[in-house]
Amino acid sequence: MSSAPKSNPASNNASENELAPIHDFSRKLQQEGLVGRVKEYVLWQAARRGTWDGTAPRPQQAPVSINLDLTTACNFACDHCVDKDILNTGIKFEHERLLDSLHQMAENGLKSVIIIGGGEPTTYFKFEEVIYFLKERNLQVAVVSNGSGNRRILKCADAFTEGDWVRLSLDAGSDEVFQAMHKPKKKMTLDDICEWVPQIKEKNPALSMGFSFIIVWKGAEINQTNIIENIDEIEMGTARARDYKFDYISLKPFLTRSPVNNAEIMDINNKGITFDEALVRIRKLVDRAKLLETDGFKVWESTNLRVLENGTFRNYTQQPKTCHMQFFRQVLSPLGVYNCPVYRNQRHGRLGDRDAYENAVMFRQTQNTLESMLDNFNAADECKEVTCLYNDVNWWLEDLINNPEKIVALEVAEDTGDYYL
Ligand code: SF4
């Protein structure tokens with residue numbers, strides 16, 4: 001068992017560690033539309049811990065944001081997939097029960113849904129219906145896809161509103177590297193995928209289209225196999241993204257699974273000089289890629305990449321004992337409900353089965369499990385290898401719970417309407 005630090009280690013390097021706005025979760029939680037929920041949570045926890053002598057009931061709240069894995073089916077066989085062991089298991093949602101769960105969560109304060117992996121979401125048989133269902137409930141909706149179902153995204157593109165986004169995981173500039181990394185099961189080139197993007201943008205310019213590029217270096221390993229290096233494709237991928245009218249490319253380092261608890265972690269162990277050399281090359285190429293930015297096209301470096309480079313990433317592995325973000329952000333998948341995207345399909349992160357939010361009775365039961373998870377899941381130990389992007393917000397909430405008088409002076413941030421967590 002590791003002992004938990006008592007305050008945020010990352011705050012010692014605050015200027016170096018500045019979070020990208022999309023990862024500044026404490027600011028997001030201070031928005032007018034969410035700050036009241038933070039207060040309720042903090043006072044409830046402070047009363048339970050005895051740091052506040054008032055009483056506060058457990059907030060009857062759904063998570064603010066979920067990752068929704070619509071399916072475990074995937075039509076690619078990517079060598080770098082962190083979810084390989086859960087793919088194509090045949091385990092499915094019952095569609096009507098899934099809609100009931102989403103409705104129940106929306107009624108209880110769900111604000112945003114990121115439809116993402118564990119499978120390729122556009123292979124879900126009622127993909128478009130789910131998008132319309134969520135948008136009818138005024139939820140923010142984002143989709144992470146391998147690009148093979150762009151025809152279906154185009155079909156429902158009109159449903160999306162400002163702030164919604166679609167991100168295609170493509171990771172290559174050339175078709176050769178794309179094929180080697182992603183291995184589509186049906187013939188499909190990188191051009192075939194990218195050609196849909198201008199059409200989607202034309203149908204709905206408000207929908208932000210992103211090109212995701214996970215940077216893989218020589219020696220990076222997952223599933224006991226070395227995976228294809230793509231560092232030399234960074235610039236070409238960026239030019240491709242710009243030319244095909246994506247709004248941005250996001251560049252982030254590869255994650256693997258910890259052999260200890262299967263958590264998603266950065267694969268930097270025992271790489272020595274090779275890894276340091278890779279970082280130098282990555283920096284050079286990311287800088288060149290940045291020169292390709294225009295008014296309508298941006299190059300985003302992930303927070304992970306920055307902290308890996310400046311050596312402060314270990315600060316993000318020192319979590320408080322309680323992970324408060326379990327309360328505000330969860331994963332709903334055909335395999336069940338989980339406390340964190342890092343622990344998809346991991347027994348120790350399981351909050352219930354796939355219908356755990358289907359109706360009011362199950363909702364309450366799931367909240368009981370969540371309460372016990374908040375008490376018993378020791379993030380300081382379980383997540384000690386994870387460069388957790390929620391580290392900062394978890395420490396912020398921890399501080400508020402230990403010093404609830406700070407709640408009174410809590411600033412309300414301007415509402416940018418970004419409720420993705
Ligand atoms: S501390 Fe981070 S990695 Fe661990 S459960 Fe919480 S959010 Fe996930």
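**Figure 1. Glu195 in the loop between α7 and α8.** In this predicted model, Glu195 occupies the loop that runs between α7 (190-194) and α8 (196-203). Glu195 counts as exposed because 12 C-beta neighbours lie inside 10 Å, and a residue is exposed if that number is 12 or fewer. Tyr244 is 49 residues away from Glu195 along the chain, yet the C-alpha atoms of Glu195 and Tyr244 are separated by 6.9 Å.

**Figure 2. Lys245 in the loop between α9 and β8.** Lys245 belongs to the loop between α9 (234-243) and β8 (248-253). The phi angle of Lys245 is near 70°, a positive value in a residue other than glycine. Lys245 counts as partly exposed, since 16 C-beta neighbours are found inside 10 Å.

Figure 3. Strand β5 (residues 208-215) pairs with β8 in the parallel sense, over six bridges. Within this pairing, Gly210 stands opposite Tyr248 in β8. The pairing of β8 with β11 is also parallel and comprises four bridges; here Ser250 has Trp300 in β11 as its bridge partner.

**Figure 4. The open sheet of ten strands.** Ten strands make up an open sheet of mixed pairing, in the order β11-β8-β5-β4-β3-β2-β1-β12-β13-β14. Its edge strands, each of which pairs on one side only, are β11 (298-301) and β14 (350-352). On average, and with direction ignored, neighbouring strands of the sheet are turned by 25° against each other. Strands of a sheet pair through backbone hydrogen bonds, in either a parallel or an antiparallel arrangement. Strand β1 (residues 65-69) and strand β12 (residues 329-333) provide a parallel example with four bridges, and in that pair Asn67 stands opposite Val331 in β12.

**Figure 5. Asn138 in the loop between α4 and β3.** Asn138 is located in the loop connecting α4 (127-136) and β3 (140-145). Its phi angle is near 60°, which is a positive value in a residue other than glycine. Asn138 is exposed because 9 other C-beta atoms lie within 10 Å.

**Figure 6. Ile215 in the largest nonpolar core.** The largest nonpolar core contains 110 residues, of which Ile115 and Ile215 touch the most other members. When neighbours within four places in sequence are left aside, the contacts of Ile215 are Asn230, Ile231, Ile234, Leu251, Lys252, Pro253, Phe254 and Ile282.

**Figure 7. The chain as the setting of the close-up views.** The chain holds 15 helices and 14 strands. Of its 421 residues, 47% count as buried. Among contacts in the chain with a separation of 6 or more, 76% are made by residues 24 or more positions apart.

Methods
Residues numbered from 1 in each chain as written. Predicted model: local features only at pLDDT ≥ 70, side-chain atom pairs only at ≥ 80, totals over all residues. Pairing = 2+ DSSP bridges. Helix = DSSP H or I, 4+ residues; strand = E, 2+ residues; numbered from the N terminus. Axes fitted to C-alpha atoms, helices over the stretch in contact; angles between N-to-C directions. Buried ≥ 20, exposed ≤ 12 C-beta atoms within 10 Å, placed from the backbone. Contact = placed C-beta atoms within 7 Å. Core = buried A, V, L, I, M, F, W, Y, C linked by C-beta atoms within 7 Å.
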